[in-house]
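Hi everyone, thanks for making the time. I'd like to walk you through a structure, one part after another, so please have a look at it with me.

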Amino acid sequence: MSTGTTKLDVVVSDVVPVNELVTRFHFRRRDGQLLPTFSGGAHVVVEMRDGGRTRLNPYSLMGSPLDTREYTISVRRDDVGRGGSLFMHRSVRPGLEMVISYPVNLFSLDLRARKHLMLAGGIGITPFMAQTAQLAAEGGNFELHYTCRTASLGTYADVLRERYDRRIRLYHDDLDERIELDRLLSTQPLGTHLYVCGPAGMINWVRDRAAALGWPAETVHFEHFAAPQPGLPFDVTLAVSGKTTRVDEQQSLLEAIEAAGVDPPYLCRGGVCGQCETNVISYDGKFIHNDHWLSEEDHRSGCKIMPCVSRFEGRSLVLER
Amino acid sequence: MAAKSIISRPVYGTLSPQPGKHHLFIADAEGALAISDMAGRAPAGFFDGAEIDFIPGPGGKHIAALEALKPAQFHQAPSFASLLPRLKQTLANAHMGLRLYLAGTEGLIGQAMQVALEAGIDHTSIQTEHRGSLARRMQCVHCKGITENVTTQPATCAHCGLLLLVRDHYSRRVAAFQGVCINAEDRSEIPPMEEIFR
């Protein structure tokens, strides 16, 4: 069993379309008990049993941490992904029994901060839904800057404005509204912590500008789940368990290892937490590293791989699993 | 250079120029040399956005060397206490992006860090370099009095007079090493006093 991934038996209590791309799912415990406590920024891994396939995707909890009668996640439909979000949108209905992991937080608030400055892009708004609820309940000092493509795709922008009024600033791409990032970062009081969640380009931009403007790295927090990318199928040999298996086009290496009956540790399944780090024993081919955990040196060495998001192309791959 | 002992005992590094536009240096005595040394590794124009607050101490040296760096502001103070109002004011008006550099004696680094922590700066975000005296600021754990410039082991509390073992146990909150009564069982037992924090 994987570290921190004790399972919860839940039932889908509600499915709510939010806009043309995003749907919200509500989960309650099948035994009627309260769900485990979580803090703003936590995610759960949702098991999607789709015919013979099982996908496990992480989603941020977006409800208030003060209410553990139910968990809510919001899923953006990705028509060109590996199919996890499409499964959620097409097949998940109220009453469906599902299995999710205990919550894990890799994007928690630093509660020593004097002020929390939050930057969200698109569906990256979800962890901030929980964090703002948590802070608002404690009288915390926060400000959220939220960039979305259009007003109609500004998921929960209306809810946030209604709850927090002027603490929420909205920027619409179609109206050419842009965050004045340098000015924003240069005018924050000492003791401010910065949180960013959104597309990779946005996260990199914000981190680069914050570093250049003298923000210490420990005050800059980001969440970047890399969804596993599809790719060419390849074979993998698991030396410790003595198994060889095929990784399909739409399957992640970690999912293939699990399908072969081996259970490596994991937490985020998004290339950030480091739990599933795996040693490479030998290989003939090239790695496609997609994680944010290993160093560039590790990537070049050919000695390690993060099977949750990274792939391989070539003749043979032997892992220490 | 202070040796690593227990986890709360502060360890100091070597000042290194950080990214950003606003840099605040607090130094005393030979701490000035840490700033001069760092200046050699700093990019051109680095001190255009820098303030140096310097406590020269009795020797009165190194002032010209710091002025030669042409910081945007240079301020001298006769003691940390006299610098304190200015430091508090500077930090109260500062924004994220201000980087703090502390160089010199442990007492100076500790007290400046204490003010910075109160202003919301994390201790891990502060550049420090120890130069000069190892004399300690000590808090008596019994009467809570602070004794400055302790150089001996054991040391006498300047407030309650107890003979104290000066521990490596350090409090960032009070910016002092902890002093614990060394002869609580038998006050007639007086261990020899050695000067070890020079």
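Let's begin with chain B, where the C-alpha centres of domain 1 and domain 2 lie 29 Å apart. The domain assignment puts domain 1 of chain B at 22–130 and domain 2 of chain B at 136–195; bounds of this kind come from an automatic or database domain assignment. In the contact between these two, 8 residues come from domain 1 of chain B and 6 residues from domain 2 of chain B, where contact means that the C-beta atoms, placed from the backbone, lie within 7 Å. On the side of domain 1 of chain B that touches domain 2 of chain B, there are 2 nonpolar, 5 polar and 1 charged residues. For those classes, Ala, Val, Leu, Ile, Met, Phe, Trp, Tyr, Cys and Pro count as nonpolar, Asp, Glu, Lys and Arg as charged, and the others, Gly among them, as polar.

A word on what we are looking at. This is a predicted model, in which local features need pLDDT of at least 70, side-chain atom pairs count only at pLDDT 80 or more, and totals for chains, interfaces and linings use all residues. Residues are numbered from 1 along each chain as its sequence is written, while chains are lettered from A and ligands numbered from 1 in the order in which they are written.

How confident is the predictor in chain B? The average pLDDT of chain B is 94, and 98% of the residues score at least 70; pLDDT is the predictor's confidence in each residue, from 0 to 100. Within chain B, confidence is highest in strand S2 (residues 50–55), at 98, and lowest in strand S12 (residues 194–195), at a mean of 94. The model as a whole has an ipTM of 0.87 and a pTM of 0.88.

Staying with chain B, its secondary structure comes to 4 helices and 12 strands. Helices (H or I, at least four residues) and strands (E, at least two) are DSSP runs, numbered from the N terminus. The C-alpha atoms of chain B fill a box of roughly 60 × 30 × 30 Å along the principal axes.

Now for some local detail. Strands S6 (residues 136–140) and S7 (residues 146–150) of chain B pair in the antiparallel sense over 3 bridges; two strands pair if DSSP finds at least two bridges between them. Met138(B) stands opposite Thr147(B) in S7(B). The hairpin of S6(B) and S7(B) has 5 residues between the strands, and there Lys144(B) takes a positive phi near 70 degrees. Further along, a cis peptide bond joins Gln153(B) and Pro154(B), with omega about -5 degrees. You'll find Pro154(B) in the loop between strand S8 (152–153) and strand S9 (155–156) of chain B.

How many residues does each chain bring to the contact between chain B and chain A? There are 18 residues from chain B and 17 residues from chain A. The chain B side divides into 7 nonpolar, 8 polar and 3 charged residues.

That takes us to chain A, with 7 helices and 17 strands. Its domain assignment gives domain 1 (7–105), domain 2 (115–223) and domain 3 (234–319). In chain A, 16 residues of domain 1 are in contact with 12 residues of domain 2.

Chain A also has an open sheet of 5 strands with mixed pairing, in the order S14-S13-S17-S15-S16. Its edge strands are S14 (243–247) and S16 (304–305) of chain A, each pairing on one side only.

Last stop: Tyr156(A) has a positive phi of about 65 degrees although it is not a glycine.
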